[in-house]
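Me: I have a new model open and would like to learn how to read it. Could you walk me through some of its features?

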Amino acid sequence: MASGSADTADIGLKDNSRAWLSRAMIGDRNECARNRMKQPRQGEPRPVSAVPKTVAIIDDNAAVLKGIERLLNAHGFATRGFSSAESFLASQPATGIDCVLLDIHLGGMSGIALRRELSASGSTLPVIFMTAFDDQATRQQAQAAGCVAYLRKPFAGRQLIEAIAHAGSGR
Amino acid sequence: MGAEAMAAAMNAQTQGHRRGRYGARCTGRAVVTVLIAGAAALASSACLGGEPPTRSVVIIGQDDAILPWNVAVNTVARTTLNADADRRVVIYAEDLDFGRFGGDRYKRQLQNHLREKYMYVPVGALLAFGPIAFDFAMNARDSIWPGVPVVFGAVDEATVAKAKLPAGFTGRTLRFRLEDMVRSANAIVPDLKQVALVGDPFDRSAYFRNFAMEVPELAKDLQFIDLTGLPLNQVRQRTAELPEQSAIAYTAIYRDGDGYDYMPREALRSVADVANRPIVVPAETYIGYGTVGGIVATPVPIAEDVARLALRILDGAQPSDFPVARGDYMKPIFDWRELQRWNVRETRLPPGSQVLFRQLSFWEQYRGLALAGAGIIAVQATLITGLFLERRRRSAAELEARRRLAEVAHINRRAGIAALSASIAHELNQPLGAILSNAEAAELLLDRQPLDVALVKEMLTDIRRSDQRAADVITHMRELLRRDDSEPVEIDMNDVIRHVIELLAPEARQRGIAVGTALDPRRLLVRANSVHMQQVVLNLALNGMDAMRDVAAGNRRLTIQTSLRDNTAVEVAVSDSGPGVPADILARVFEPFFTTKSDGIGLGLSIAHTIVERAGGAISAENRPAGGAVFRFSLPAATARPGKGDAGRHAPAQPAVEPGRPPRQRVTG
């Protein structure tokens, strides 16, 4: 598990300017996290070779969800898609997921609320927020809740991949 | 449809008053007639004694009068019957609804009831719409309305051919054929191999009872997937995973395999939401609800023709003067948006096809928006072309997307509502995001060996759909840009509510929602723009109605209440019996992008919020202890001073807020 990612977020999110955004998105290109990911988890045997990182994606827009999943699959990631925060929570999120890509404006429980819930339950899963509605208030909420990156839709694959690498590099 | 339904409602109302007067007079006269002549059978030509002959008819409807088809038929029939304002026709209506109230015992009871009811009511002609009404007229006319001429419509010619028509029967038939549906499906799907049949089983169906006979012949050329009579959820499952080169033929689900009753169009919509193949339909009233269309029966000419025949008979003609004939009621009509979705060229459609919902006038009328729409399509084209021709152009396309988006956002100046730009951006960013992800993923896949052509194709299809979605967003916007910006004047809030109720009534009825009002009897004067206030109330009401989608029929209630608080503020409360607003989002419901509905655009409440605020008022949402949500807004009361008042003149310094309820703070900047 990429422990300590919350610290990374805090470092990156001290200011709310665009500078923060670009830093968070370009981030640290170190992809060392992959090595850690290759270790099989307890009670969940995995093939030793070519273990992909698994990214959970939570978005209530089916078209967006499918598109991102395909993009990440094409980049060699395993994905698990959820259409709501509730269904993600119901799936016992602690197991088998390396990173969460979370839409902020979900129907039902919001992405921000889910992030808080995860923190409250002691989870250290790195979270990348994404939103199709970008404004000061949303950004501040995302920042306050804690995240390793904040992506505005539509975003390029490169930004997403870098953000995930950044999440995995958690120092 | 909305306008038609409203016209029907209003028509029904005025008809009701008239019926009261007229009925009383004729009844008295009819009693005398019976006493003197002892000939109740002559009730049809009652009101004797030198008076003009009775001009009254009974319209027999076969099922629920608020089904869209029936609304259209009834509205047009009534309008046609009373086209001549000087020679009004009294119209009675009886709706049989045998689908839900069946059985011989009930039919006998109904027959007895109608016999009593019309015992002394003169009737000049019966109008029977639909095969069940036709059957009923055949069996029951002589005991209820002896000798009264019958004009029928919307009955399949095969059904009429099988019947032995008694004297006094005439009408117009149509030709309902499964073959026509298959023909439409063939036009939509090249190399059509399979057709999934969705609807009530043919042998239980009224309109489509003759379809079963055609199946063996048609099955020589293609395979039918019989989904008739299944529970709706199974139908939804099956229609979501149909093979390619198939289409869905939807007739009507009145009652599904689990025994639940539906309005056929509601059931259709629920299938269309999930279906993975195009849906062809046999009736015009299904078009516009996620169906591609087809060779469809058109209610308007049917109702016109039947009503005209009835008028001729009321004027003294004999039914035998008009032999039964087939009318030209089956028209090829298609939904442009669905043709786009399934990539159908119009040259494939049957000759003479009419294509509805074409967005042509939109281009002409709204140049600015059209440009933005064209921009998005250009982005799509750029992306796809870039994908196949030159990968490098991708970043340029991205820039283009951003630039176009900025253009779209720019449009909000026209609207002048700050909320709009945020919502446009949000609603367009979603499909743009999906387009970008799919395009990039497809690019990567193209480099792989072996090439997964099917997957890439699927991605391109999704790109096209997302593009369509973006185009739809823009179409919604034009509704909001059509605004009335005249100066605020003194208006009575109760009048506003009454206007809105009028607008809403048909929609509410269709959704099975009871709408009630509790209006303060005083005049509730505020200084505002009437159209804006209607928009606020309408948005709140529609929001409440949407919230009750999953509430059991019979428990859907919408209540609009007005009151005067401390003589300083006029308050309107719109409450529903839905599940209420979850506490964690209660504070955010007025944010511009915020919606919990999968098909919602998240604008209604935020626009209400903006309008109320601009008029110097306040708006809030809360849950009721008894369940459901209540949305309130209040405006400063315009004290009706005799002098030329400056009352409430924008007065933002003193928003009328009742004690204890602080003005709601806007969440967004």
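Reply: Gladly! This is a predicted model, in which local features need pLDDT of at least 70, side-chain atom pairs count only at pLDDT 80 or more, and totals for chains, interfaces and linings use all residues. Residues are numbered from 1 along each chain as its sequence is written, chains are lettered from A and ligands numbered from 1 in the order in which they are written, and side-chain values use heavy atoms, with hydrogens and water left out.

Me: Let me start with chain A. In what order do the strands of its open sheet come?

Reply: In general, strands of a sheet pair through backbone hydrogen bonds, either parallel or antiparallel. Here, helices (H or I, at least four residues) and strands (E, at least two) are DSSP runs numbered from the N terminus, and two strands pair if DSSP finds at least two bridges between them. In chain A, 5 strands make an open sheet in the order β2-β1-β3-β4-β5, with parallel pairing. At its edges are β2 (78–82) and β5 (149–152) of chain A, each pairing on one side only. On average, neighbouring strands of this sheet are turned by 20° against each other, direction ignored; axes are lines fitted to C-alpha atoms, for helices over the stretch in contact, and angles run from 0 to 180 degrees between N-to-C directions.

Me: How many bridges join β1 to β3 of chain A?

Reply: Strand β1 (residues 54–58) and strand β3 (residues 99–103) of chain A run parallel and are joined by 4 bridges. A:Ile58, for instance, stands opposite A:Leu102 in β3(A).

Me: Which strands does helix α4 of chain A touch?

Reply: Contact means heavy atoms within 4.5 Å. Helix α4 (residues 62–74) of chain A packs on the sheet and touches β1, β2, β3 and β4 (127–131) of chain A, its direction making about 170° with that of β2(A). Helix α6 (residues 111–120) of chain A also packs on the sheet, touching β1, β3 and β4 of chain A, and makes about 170° with the direction of β4(A).

Me: Now the interface: what area is buried between chain B and chain A?

Reply: The size of an interface is often given as the accessible area lost when the parts come together. The value here uses a 1.4 Å probe and is summed over both parts. Between chain B and chain A about 2200 Å² is buried, with carbon and sulfur atoms giving 56%. In contact are 31 residues of chain B and 26 residues of chain A.

Me: And how many salt bridges cross the interface of chain B and chain A?

Reply: Side chains of opposite charge can pair when their charged atoms come close. The rule asks for a side-chain nitrogen of Lys or Arg within 4 Å of a carboxyl oxygen of Asp or Glu, and it finds 3 salt bridges across this interface. One links A:Arg70 with B:Asp462, the closest N and O atoms being 2.9 Å apart. On the chain B side, α14 (393–410), α16 (418–446) and α17 (453–481) each supply at least two residues that touch chain A, and α16(B) gives the largest share, 15 residues. B:Asp462 also forms a salt bridge with A:Lys66, where the closest N and O atoms are 3.2 Å apart. B:Asp462 lies in helix α17 of chain B and A:Lys66 in helix α4 of chain A, so this pair joins two chains.

Me: What is the pairing in the open sheet of chain B?

Reply: The pairing is mixed, and 5 strands follow the order β15-β17-β18-β20-β19 (chain B).

Note on methods
Buried area is the accessible area (1.4 Å probe) that two parts lose on being put together, summed over both.
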